[in-house]
Amino acid sequence: MTPGQIGFTLLYLAFFLLVGKWIRMRVKWLQNLFLPSSIIGGFLALLLGPEVLGRILGNFTGENSFWVNGIMTEEVMEVWSALPGLMINIVFATLFLGATIPTLSKVWSYGGPQLAFGWTIGWGQYVIGILLTMLVLTPFFDIPPMAGALIEVAFEGGHGTAAGMAGTFGDLGFSEAYDLAIGLATVGVLSGVIIGIILINWAVRKKKTRIVKNVENFSELRKKGVMEFQNREPAANMTVRPESIEPLSLHFAMVGLAILVGWLILQGLIGLESVTWGAATDSEFMTYIPLFPLAMIGGIIIQVIFNKFDQTEILDRRMVNRIQGFSLDILILAAIGTVSLDVIGEYLVPFLLMAGAGIAWNVLGFIILAPRIIPSYWFERGIGDFGQSMGITATGLLLMRVADPDGKSPAFEGFGYKQLVYEPFLGGGLVTALSVPLIFQFGPVPFLIVSLVMCLLGAVVGLFYFGKK
């Protein structure tokens with residue numbers, strides 16, 4: 001493949017992002033669902049690619065025709081298939097870059113209730129998934145026990161984490177898990193937004209919200225995804241002079257450095273295993289660990305160093321957010337556009353069972369546990385954790401913005417502090433990355449026991465410590 005062909009595939013990305021945004025601005029029901037343009041563009045790419053349009057046209061043009069790939073090309077599909085696994089490293093490397101890392105006591109006091117609730121829901125997804133796999137999916141559908149981790153990987157981790165685990169799934173002989181995880185992540189985002197809006201309407205009618213009394217007053221611009229004129233603010237701050245280095249270039253370099261640090265850590269772990277326990281047990285466990293959670297650790301290391309030595313504060317969180325948001329849009333569009341419908345069709349019943357079990361656990365957990373764990377503004381705070389447990393962090397932020405548009409509750413602050421402890425472990429963190437290799441290496445029962453203990457720990461702390469305040 002030539003550099004020109006690779007560049008042309010990126011033009012396809014730009015086209016589908018723009019078309020996705022154009023559709024979002026003109027289709028009312030998509031506006032009411034607050035669907036991101038990247039998801040709309042990804043679905044359009046899927047429909048116009050080899051999985052749908054290509055199959056239809058292939059019946060008339062033959063297998064060797066250009067049209068068997070729809071309007072896409074083989075080069076586009078090949079590059080797009082690799083993009084999610086690359087972009088997830090950028091998304092996770094930027095999680096803490098440019099952010100102020102508060103003390104643990106402040107994190108505990110502000111974000112503790114939401115951390116306890118999110119911890120319970122996150123580990124509970126493993127409990128539900130592994131039990132479903134052990135009792136139904138493996139005995140009746142011959143699906144590997146590793147599938148027990150897919151609900152958490154897809155729902156808590158989202159498209160990015162699912163894409164980042166693609167290499168691990170392939171190395172462990174269950175490559176179909178990638179398409180199942182991407183499909184589950186899509187179901188999670190869609191159902192998260194739809195059910196979240198339904199829950200907000202329900203809470204308003206039942207007077208369970210303390211801030212919003214109706215959800216009908218959104219401006220037309222907001223529904224279209226356009227920032228209102230009075231709310232527009234700079235996307236980033238110019239922390240360095242462009243004649244020395246472009247600020248975007250500097251921040252991109254810092255993201256690259258964070259990923260490099262994570263890669264060095266991973267190589268160190270692989271090397272350590274090869275000369276210690278790996279040599280004695282013939283284990284290659286560390287080679288199954290994806291890069292993205294260690295890229296997050298690399299970002300934390302870079303930020304800690306900058307906090308200590310940088311007196312000019314050249315890392316700007318807003319600039320980092322723009323890099324992260326761009327990478328996430330590319331990741332989601334490419335992941336949805338390249339998903340295999342054959343795999344989902346082949347595993348349709350297990351897919352529906354996992355999706356149903358995950359959604360049921362999250363909804364029941366929110367309705368039953370959130371008001372008993374979160375002592376104040378339980379709905380405004382808990383709806384963000386519900387949204388994150390169904391899809392991506394952005395879903396949680398969206399639902400919190402609907403429930404608390406002016407930020408009058410402690411929801412946003414508590415959610416942000418919760419992420420500092422939560423993200424390194426669940427929702428794409430170390431536990432998420434290790435879950436599939438651990439189940440493969442030691443079987444589902446040990447991981448089920450650990451998950452159950454962690455789930456109960458979060459529930460007990462939430463109910464009997466924070467819930468009593």
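E51 forms a salt bridge with R55, the closest N and O atoms being 3.5 Å apart. By salt bridge I mean a side-chain nitrogen of Lys or Arg within 4 Å of a carboxyl oxygen of Asp or Glu. E51 is buried at 18% relative accessibility, while R55, at 38%, is partly exposed. The cut-offs are under 20% relative accessible area for buried, over 50% for exposed, and partly exposed in between, with a 1.4 Å probe and protein chains only.

This is a predicted model: local features need pLDDT of at least 70, side-chain atom pairs count only at pLDDT 80 or more, and totals for chains, interfaces and linings use all residues. Residues are numbered from 1 along each chain as its sequence is written, and side-chain values use heavy atoms, leaving out hydrogens and water.

How many salt bridges does a search of the whole structure find? It finds three.

Another one joins K418 and D385, at 2.7 Å from N to O. K418 sits in helix α20 (residues 411-422) and D385 in helix α18 (residues 378-390), 33 residues apart, so the pair links distant parts of the chain. Helices here are DSSP runs of H or I, at least four residues, numbered from the N terminus. K418 is buried at 1% relative accessibility, and D385 is buried at 3%.

Then there is E233 with R318, at 4.0 Å, N to O. E233 is exposed at 57%; R318 is partly exposed at 30%.

Last, the contacts of F379, meaning heavy atoms within 4.5 Å. Leaving aside residues up to four places away in sequence, F379 touches L199, I200, A203, K208, T209, F366 and A403.

Technical notes
Helix = DSSP H or I, 4+ residues; strand = E, 2+ residues; numbered from the N terminus.
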